[in-house]
Amino acid sequence: MKLETYPDREFLMLGLANVIAGQLADFLRREGRASLSVPGGTTPGPIFDTLSGVDLDWANVAVFLNDERWVPEDSPRSNTRLLRERLLRGKAAAAQLIPLHADAPTPEERLEELAEGLRPHLPISVLLLGMGADMHTASLFPGADRLAEALAPDAPLLLPMRAEAAGEPRITLTAPVLKGAMNIHILITGQEKRDALERALTLPPEEAPVRAILDNATVHWAE
């Protein structure tokens, strides 16, 4: 694990957006295409705002979430909605959004279809993750019903996940997909999450799921 610290959150967001843009540009130059997987929530919003204005060949970039709540896109809880509002606009509106939600009562009913849509865009070129104070990342929550399956080396690409801390049912990329990304960045802010990160380094992934991803990750932190 590599830890990058920044003097404040504004520097962090701008600096990390520039790193991600540079890595995507490298993939586009070398391979003609790239994939970017990002978290939901409001924390990465400033990164999305910056990226949306960057001059890249966005038409050849596949964008998808690390995980999604199983709610319709018009729900205020939808991460897909947030992605459209903050990242997939401006120049980045040309990017290809790979869905992690479909119209069905439960994620199990559309799991295979969503996984097949994702498969051509793996391994992930650039992965941005968040982390909760409970040391979850994506929807790999401590105590979640299928966490052990999601951490296994032979896990499928996607799994439904239910946990008390998660609220709605979720669908999430599994640990092997996340660990297999070519560039891994974890964004955290505040002392509580810095302390949680230090704690995660001493615990197994079953107790601190982010631990499964940390070895090859660069963690970006500001108070």
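## A first look around the chain

At 7% relative accessibility, Met135 counts as buried, where buried means under 20% relative accessible area, exposed over 50%, and partly exposed in between (1.4 Å probe, protein chains only). You'll find Met135 in the loop between β6 and α5 (147–151). Phi of Met135 is near 70°, a positive value in a residue other than glycine.

Before going on, a word on what you're looking at: this is a predicted model, in which local features need pLDDT of at least 70 and side-chain atom pairs count only at pLDDT 80 or more, while totals for chains, interfaces and linings use all residues. Residues are numbered from 1 along each chain as its sequence is written, and side-chain values use heavy atoms, with hydrogens and water left out.

### The chain as a whole

The chain has 8 helices and 10 strands; helices (H or I, at least four residues) and strands (E, at least two) are DSSP runs, numbered from the N terminus. For 223 residues, a compact globule would have a radius of gyration near 17 Å, and the chain agrees with that at 16 Å. That radius is taken over C-alpha atoms, and the globule rule is 2.2 Å times the number of residues to the power 0.38. Along its principal axes, the C-alpha trace spans about 40 × 40 × 35 Å.

How much of the chain counts as buried? Of the 223 residues, 54% do. Contacts (heavy atoms within 4.5 Å) tell another part of the story: among those between residues at least 6 apart in sequence, 76% join residues at least 24 apart.

### The loop between β6 and α5

Back to the loop that holds Met135. Ala138 has its place there too, between β6 and α5. It also has a positive phi, about 50°, although it is not a glycine. Why is that worth a glance? Most residues other than glycine have a negative phi, and most peptide bonds are trans. Ala138 counts as buried, at 8% relative accessibility.

Leu140 lies in that loop as well, and it is buried with a relative accessible area of 0%. Leaving out residues up to four places away in sequence, Leu140 touches Leu147, Ala150, Met161, Thr172, Leu173, Ala175, Leu178 and Pro209.

On the peptide-bond side, a cis bond joins Leu122 and Pro123, with omega about -5°. Pro123 is found in the loop between α4 (111–118) and β6 (126–130).

### Helices with a buried side

| Helix | Buried residues | Packed against or covered by |
|---|---|---|
| α3 | Asn79, Thr80, Leu82, Leu83 | β2 (34–38), α2 (45–51), β3 (61–65), β4 (67–69), β5 |
| α4 | Leu111, Leu114, Ala115, Leu118 | β3, β7 (158–161), β8 (170–173) |

Take α3, whose buried residues are Asn79, Thr80, Leu82 and Leu83. Seen down the axis of α3, they fall within an arc of 160°, so they line one face of the helix. The arc is that of the directions from the helix axis to the C-beta atoms.

In α4, Leu111, Leu114, Ala115 and Leu118 are buried. They cover an arc of only 100° around the axis, which puts them on the same side of α4. An α-helix has 3.6 residues a turn, so residues three or four places apart point the same way.

Gln23 is found in helix α1 (residues 9–31). Is Gln23 buried or exposed? It is buried, with a relative accessible area of 17%. Not counting residues up to four places away in sequence, Gln23 touches Val126, Asn183 and His185.

Ala93 is found in the loop between α3 (79–86) and β5 (96–97). At 49% relative accessibility, Ala93 counts as partly exposed. The C-alpha atoms of Ala93 and Ala59, 34 residues apart along the chain, are separated by 8.4 Å. Leu140 and Ala93 are 47 residues apart in sequence and 29 Å apart in space, C-alpha to C-alpha.
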